[in-house]
Amino acid sequence: VVRYGVSLYYYFFKHIEMLLIGFLATIVILSIPTKDYPKYAIFAYVGIIIILLYLTMNGEFHKGNKNWIQIAGFTFQPSEFSKPIVIVCLSLMFSFFYRKLRTKGINHFNTISKILFVGLLVPLIVFFQGDLGTTIIMLAIFGVLFLASPIMRFEKFKIISLLLGLLVVGCMILMLNRGYILSEAQKARFDFFNPCSNYESGGYQVCNSFIAINDGGLFGLGIGKSKQKYSYIPEPHTDSVFAIIVEENGLIRSTIILILYILILKRILDLACKTSKISNRYICLGIATYIFAHIFVNLGGLFGVIPLTGVPLPFLSYGGSFTISLIVSLAIVQRIHIEMKNEKIKLKK
């Protein structure tokens, strides 16, 4: 009310709206068999690329980047929707080219080039939009899927060497063209070792998160009794929500959240091991990586272990686009689980 000039339940009702959109999307996704995914994946990928390129060239800066779009009064971040789309596209490619990639004695260059293009184009565009956090998440997803891909080990080593070389060349080109690689705001995030020492120049969010966690102690101040969420921690409902949870509930009860994260990731990875379709295995692995990367980057930045890059925490942070993307990803996993159960029933019969 004081900080943003909105009603008391503004973000609550906005989040409910996004949950409803995610629920409707879930109904649609659960009705689509995974065998039909190739029909829709190419259109979804091309569509998201066109939107991201348009925003890169014509979008306006919002919260430090140019990857926001407003539709019918709602503000969306298309780069969030690109995560499950890229995961599905890469997984389908690994399945389609599996035998070819595992066959020795033939040239895999064209096939691997297509995989690299699909996996790296989105994070490249998002980087130029100024969203470092989403870029890191996308690269983490691609990196895990690439290492787990059917591409032969010696080819992976060559590709990694090539990409590192291209990264160096790209950094040199950026330096020559615009005089810097990362903006001053992005570079300031890397000074995370002692945030309270540079409180006024970028460390205030992490430092106040430390204060909130310390004040919470083992048992917390009580629900609704947080002090740091009032004008101290910026965006307490998004990036720093876990610090508020610890302050109000205490460290002991807050660790339950971490245990639940582990259980969710374990269930998804178990499904990846049990499902028979190659593409579904990679989809589950990609979505598990997606969720884990958000948890690691958010909490790592909050605890001062890595730079704070401003990504939401799964299931807890406010954020419309991320909420819808996360629900869609879990709906895809649920669809895979349903198909696996149906296969077992058929085998028993």
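Modeller: Gladly! Let us start with D270, which has a relative accessible area of 25% and is partly exposed. Please keep in mind that this is a predicted model.

Colleague: Why is D270 called partly exposed?

Modeller: Buried means under 20% and exposed means over 50%. D270 has 25%, so it falls in between and is partly exposed. K266 gets that label too, because its value is 47%.

Colleague: What makes D270 and K266 a salt bridge?

Modeller: Their side chains meet at 2.9 Å, N to O. The cut-off is 4 Å between a side-chain nitrogen of Lys or Arg and a carboxyl oxygen of Asp or Glu, so this pair qualifies. Both residues lie in helix α10, residues 241-274, where they are four residues apart, about one turn of the helix.

Colleague: How many salt bridges does that rule give?

Modeller: The count comes to five. Among them is the pair R335 and E339, whose side chains meet at 3.0 Å, N to O. R335 and E339 are separated by about one helical turn because they are four residues apart in helix α12.

Colleague: Are R335 and E339 buried or exposed, and how do you know?

Modeller: R335 has a relative accessible area of 13%, and E339 also has 13%. Buried means under 20%, so both carry that label. Another of the salt bridges joins E80 and K83 at 2.9 Å, N to O. E80 and K83 are both buried, and they lie three residues apart in helix α3.

Colleague: Let us turn to Q77. Why is Q77 called buried?

Modeller: The relative accessible area of Q77 is 9%, which is under 20%, so Q77 is buried. Its place is in the loop between β2 (74-76) and α3 (78-96). Leaving aside residues up to four places away in sequence, Q77 touches N65, N67, W68, D131, T134 and S321.

Colleague: What makes the pairing of Q77 with D131 a polar contact?

Modeller: The two side chains make that contact at 3.0 Å.

Colleague: Now the rings. Why is the pair of Y9 and F13 called edge-to-face?

Modeller: The ring count comes to 14 aromatic pairs. In the pair Y9 and F13, the centres are 6.4 Å apart, and the limit is 6.5 Å, so they pair. Their planes stand at 65°, over the 60 degrees needed, so the pair is edge-to-face. Ring pairs also link Y9, F12 and F13 into a cluster.

Colleague: And what makes F292 and F296 stacked?

Modeller: F292 and F296 have 20° between their planes, which is under 30 degrees, so that pair counts as stacked. Their rings are 6.1 Å apart, centre to centre. Both lie in helix α11, residues 278-302, four residues apart. F292 counts as partly exposed at 47%, and F296 does at 45%.

Technical notes:
Residues are numbered from 1 along each chain as its sequence is written. This is a predicted model: local features need pLDDT of at least 70, side-chain atom pairs count only at pLDDT 80 or more; totals for chains, interfaces and linings use all residues. Side-chain values use heavy atoms; hydrogens and water are left out. Helices (H or I, at least four residues) and strands (E, at least two) are DSSP runs, numbered from the N terminus. Buried means under 20% relative accessible area, exposed over 50%, partly exposed in between (1.4 Å probe, protein chains only). A polar contact is a pair of N or O atoms within 3.5 Å; within protein, one must be able to donate a hydrogen and the other to accept it, and residues adjacent in sequence count only if both atoms are side-chain atoms. Contact means heavy atoms within 4.5 Å. Rings of Phe, Tyr and Trp (its six-membered ring) pair if their centres lie within 6.5 Å; planes under 30 degrees apart count as stacked, over 60 as edge-to-face and the rest as tilted.
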